[in-house]
Amino acid sequence: MDAIVIEQFGDAEVLRPGRVPDPPSRPGWTTVRLHTAALNWHDVLVRRGLYASPLPHLPGADGAGTTPDGEPVVILPALFWGAREAAPAPGWELLGDARHGTYAQFVSVPDECLAPRPAGFSWAEAAALSLVGATAFRALVTRAELAAGESVLILGAGGGLAPGATAIAKAIGALPFVTSSSDEKIAVARTHGAVAGVRYTDEDWIDQARAMSPGGDGYDVVLDSVGTWGESLRALRPGGRLVVLGASQAEQATLAARPFYFGQYSLLGTTMGSPADFRGLFRLVAEGRLGAPTIDSTFALSDAADAHRRLESGRAYGKIVLLVA
């Protein structure tokens, strides 16, 4: 089959078209003929070698296509979550890490990691839904228990996660606010449901963010995918919840203990989404409360390197998708 093959880790240039064997058939697994594969920042980290994937390797976590019976499906890339909903089992992995992913004509996944393609979704929109959607659903609904009428500040309006998180917050009746490095991305976020936003490049962005929160005393929830925990806590109201699911700007965080416990804050870690989160996400879609993801741009599979350059440029708003077939 045709695929994008990584022979060595490095810059986008290592993403090269190639030919590899089709995935083998096995009980309990389904081989999906892919039509689209959506990019995630995680793919960049895989390409750079952060997860030490075995080489040669086919990256990609998100995808949508058809089963051997012709059923249109979306792939949930969280494999082997396990029976415990509170956290994934020790053998949990993300598709495209240790085993071949979705930058290919075919991919094989456990049967539990498939869901019907939502009605009215294009192939590009279907592929863009699962990883970001299930991750944001778990972060906001399962972990933070964000409720209708509550406020949430979502850091990084232009990132791959933020548009989906904004849409989910709006779908459950919460009030989403955003941060961004540009007024243009804040304006786009507002057209997609954000109430307002601030530039995190301003020195006083936390004061600005608190001032625009309902009541002016901070947010019920802050969604932090960048690792700036200390700043995020300052944007919370007393008793608020900080949900952490990334470290794109900082791998280490230092918190002052006394302000934390006197503020009655909750610090919640989360990652990806379970099959149960996947089903919850699709319920929102089926009920008409959550629409299709925002698509920034599409590229041919053979142009995966250009797609990665677009992702790394920081100029994209929404998901970047590869057109496989």
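This is a predicted model: local features need pLDDT of at least 70, side-chain atom pairs count only at pLDDT 80 or more; totals for chains, interfaces and linings use all residues.
Contact here means heavy atoms within 4.5 Å.

**Helix 1 and helix 9**

In helix 1, the residues Trp41, Asp43, Val44, Arg47 and Arg48 meet His308, Leu311 and Glu312 of helix 9. By class, this contact of helix 1 with helix 9 consists of three nonpolar, one polar and four charged residues. Helix 1 covers residues 41-48 and helix 9 covers residues 304-313; their axes come within 10 Å and cross at roughly 115°. Angles of 65 to 115 degrees count as roughly perpendicular, and helix 1 is therefore roughly perpendicular to helix 9. The crossing of helix 1 past helix 9 is left-handed.

Two packed helices are described by the angle between their axes and the distance between the axes.

| Helix pair | Angle between axes | Distance between axes |
|---|---|---|
| Helix 2 and helix 3 | about 50° | 9 Å |
| Helix 2 and helix 8 | about 95° | 9 Å |

With the angle of about 50°, helix 2 and helix 3 are therefore oblique to each other. Helix 2 passes helix 3 in a right-handed crossing. On the helix 2 side the contact involves Val132, Gly133, Ala136, Phe137, Leu140 and Val141, which meet Gly164, Ala165, Ile168 and Ala169 on helix 3. The contact of helix 2 with helix 3 has eight nonpolar residues, two polar ones and no charged residues.

Helix 8 spans residues 275-286 and packs against helix 2 at about 95°, so helix 2 and helix 8 are roughly perpendicular to each other. Helix 2 contributes Leu129, Ser130, Gly133, Ala134, Phe137, Arg138 and Thr142 to this contact, and helix 8 contributes Asp277, Phe278, Gly280, Leu281, Phe282 and Leu284. The residues of the contact of helix 2 with helix 8 are divided into seven nonpolar, four polar and two charged.

Rolling a probe the size of a water molecule over the atoms shows where empty space is left. The second largest pocket has a volume of about 290 Å³. Its lining is made up of 23 residues, and Pro163, Gly164, Ala167, Ala292 and Pro293 lie nearest the centre of the pocket. Helix 2 (123-143) and helix 3 (162-171) are the elements that give two or more residues to this lining. Helix 3 supplies the largest share, seven residues. The lining of the second largest pocket divides by class into 12 nonpolar, eight polar and three charged residues.

**Backbone features in loops**

Most residues other than glycine have a negative phi, and most peptide bonds are trans. The peptide bond from Leu55 to Pro56 is cis, and its omega is near -5°. Pro56 is located in the loop that runs between helix 1 and strand 4 (64-66). Glu145, although not a glycine, has a positive phi of about 55°. Glu145 lies in the loop between helix 2 and strand 10 (151-154).

Methods: Residues are numbered from 1 along each chain as its sequence is written. Side-chain values use heavy atoms; hydrogens and water are left out. Axes are lines fitted to C-alpha atoms, for helices over the stretch in contact, and angles run from 0 to 180 degrees between N-to-C directions. Helices (H or I, at least four residues) and strands (E, at least two) are DSSP runs, numbered from the N terminus. Angles under 35 degrees count as roughly parallel, over 145 as roughly antiparallel, 65 to 115 as roughly perpendicular and the rest as oblique. A crossing is left-handed if the near helix is turned anticlockwise from the far one by less than a right angle, and right-handed if clockwise. Ala, Val, Leu, Ile, Met, Phe, Trp, Tyr, Cys and Pro count as nonpolar, Asp, Glu, Lys and Arg as charged, and the others, Gly among them, as polar. On a 1 Å grid over the protein atoms alone, a cavity is a set of points where a 1.4 Å probe fits but cannot get out, and a pocket is an open set with protein on both sides within 12 Å along at least five of seven lines; lining residues have an atom within 4 Å of a point. Grid points are joined across faces, edges and corners, and a volume is the space filled by probe spheres set on the points.
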